Amino acid sequence: MAIDVLTSGQACGATVTGVDLTAPLDTQTVAEIRAVWLEHHVLAFPEQPMSDDDLERFTLAFGGFGDDPFIAPIAGRDHVIAVERRADETAPLFAENWHSDWSFQATPPSGTCLFGVKIPPMGGDTLYANQHGAFDAMPDDLRDRLTGKMAVHSARGGYAPDGTYGADDQATDRSMDIRPSDEAMATQLHPIIREHPETGRLGVFSCIGYIIGIDGMADDAARELLFELYAWQTRDEFQYRHVWQQDMLTMWDNRSVLHRATGGYDGHHRLLHRTTIAG
């Protein structure tokens, strides 16, 4: 049976039904989902009471497991991370800044899968920004100044010992098992404007969530250009707001969208299980 696809009506995103993710998927169904994923960049699969085994099997159907640094997996699993916030937690919200997952790696993950284990009755939406749309609508002057430039990516701002989730954060009541390290100081170059490796479509790759400079540019000039880019690539017209449900799986394409978390559910426990799909 062919899958059913309902587009969000926003800058990207679609809801997929007519498929059971608690069972193995045949080759044709995987191909259909991949085609829809590449078209819409963010897919939501509601009413899928998946186990961690199901989540891992789905992830493997779309590529191997990506490498998830700086956050420990849940007990008994090597590739499943808990994205969690307790009802009484006071630590700053996790992943509130725009980013593309692990863009500081030599081969960043192609996608991320996130499953709603415990979803509050309000808040906690995830925002996505379509980076193909941002490129297509970009003013010529900004596009010309970015074309050919290589961005310097690093995890240091988040996961170094003095980063956002470093020593000071470790002293809070954060429920997630984040493990800062000096390894976060490493850097990696990626083109700011690049072709999507599967579709060939041009888009912006990542943003100042993990980009710390531009290769060959003075720091002040690079910072000015990056903030101009950031203001453009996160504009409202490029965004999709995803509203979560219990037992919903969402998968997104890190090569074509940015994402960020939102709050608004204080006093409620929120738990999602996450895997990454290797690049």
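Buried means under 20% relative accessible area, exposed means over 50%, and partly exposed lies in between, with a 1.4 Å probe and protein chains only. This is a predicted model, where local features need pLDDT of at least 70, side-chain atom pairs count only at pLDDT 80 or more, and totals for chains, interfaces and linings use all residues. Residues are numbered from 1 along each chain as its sequence is written, and side-chain values use heavy atoms, with hydrogens and water left out.

**Stop one: salt bridges**

Side chains of opposite charge can pair when their charged atoms come close. A salt bridge here is a side-chain nitrogen of Lys or Arg within 4 Å of a carboxyl oxygen of Asp or Glu. How many salt bridges does the structure hold? The count is 20.

Select Glu237 and Arg235. Their side chains form a salt bridge, 2.7 Å from N to O. Glu237 is partly exposed, at 46% relative accessible area. Arg235 is partly exposed too, at 35%.

Now select Arg77 and Asp53. Here a salt bridge joins the two side chains, with N to O at 2.7 Å. Arg77 sits in the loop between helix H2 (52-61) and strand S4 (81-85), and Asp53 sits in helix H2, so the pair ties together parts that are 24 residues apart in sequence. Helices (H or I, at least four residues) and strands (E, at least two) are DSSP runs, numbered from the N terminus. Asp53 is partly exposed, with 46% relative accessibility.

Next, pick Asp169 and Arg174. Their closest N and O atoms are 2.8 Å apart, in a salt bridge. Are Asp169 and Arg174 buried or exposed? Both are buried.

Finish this stop with a group. Select Arg85, Arg86, Asp88, Glu89 and Asp173. A network of salt bridges links them.

**Stop two: a charged patch**

Select Asp162, Asp168, Asp182 and Glu183. Together they form a negative surface patch. Patch residues have over 30% relative accessible area and no salt bridge; like charges are joined within 9 Å, and nonpolar side chains (Val, Leu, Ile, Met, Phe, Trp, Tyr) within 5 Å. Asp and Glu count as negative, Lys and Arg as positive, while His and the chain ends are not counted. The place of a charge is NZ of Lys, CZ of Arg, CG of Asp or CD of Glu. Accessible areas come from the Shrake-Rupley method with a 1.4 Å probe, and for residues only the protein chains shown count as cover.

Zoom in on Asp162. Its place is the loop between helix H5 (156-159) and helix H6 (167-170). Asp162 is exposed, at 70% relative accessible area.

**Stop three: cysteines**

A disulfide is a pair of cysteine sulfur atoms within 2.5 Å. How many disulfides does a search of the whole structure find? It finds 0. Select Cys12 and Cys207. The closest cysteine sulfur to that of Cys12 is in Cys207, 14 Å away, too far for a bond. Cys12 is buried, at 5% relative accessible area. Move to Cys113, which is in no disulfide; its nearest cysteine sulfur, in Cys12, is 16 Å away. Cys113 is buried, at 0%.

**Stop four: backbone angles**

Most residues other than glycine have a negative phi. Select Trp102. Its phi is positive, near 55°. Trp102 lies in the loop between S4 and strand S5 (111-118). Trp102 is buried, at 2% relative accessible area.

Last, select Asp247. Its phi is positive, about 60°, although Asp247 is not a glycine. The loop between strand S12 (239-242) and strand S13 (249-253) holds Asp247. Asp247 is partly exposed, at 27% relative accessible area.
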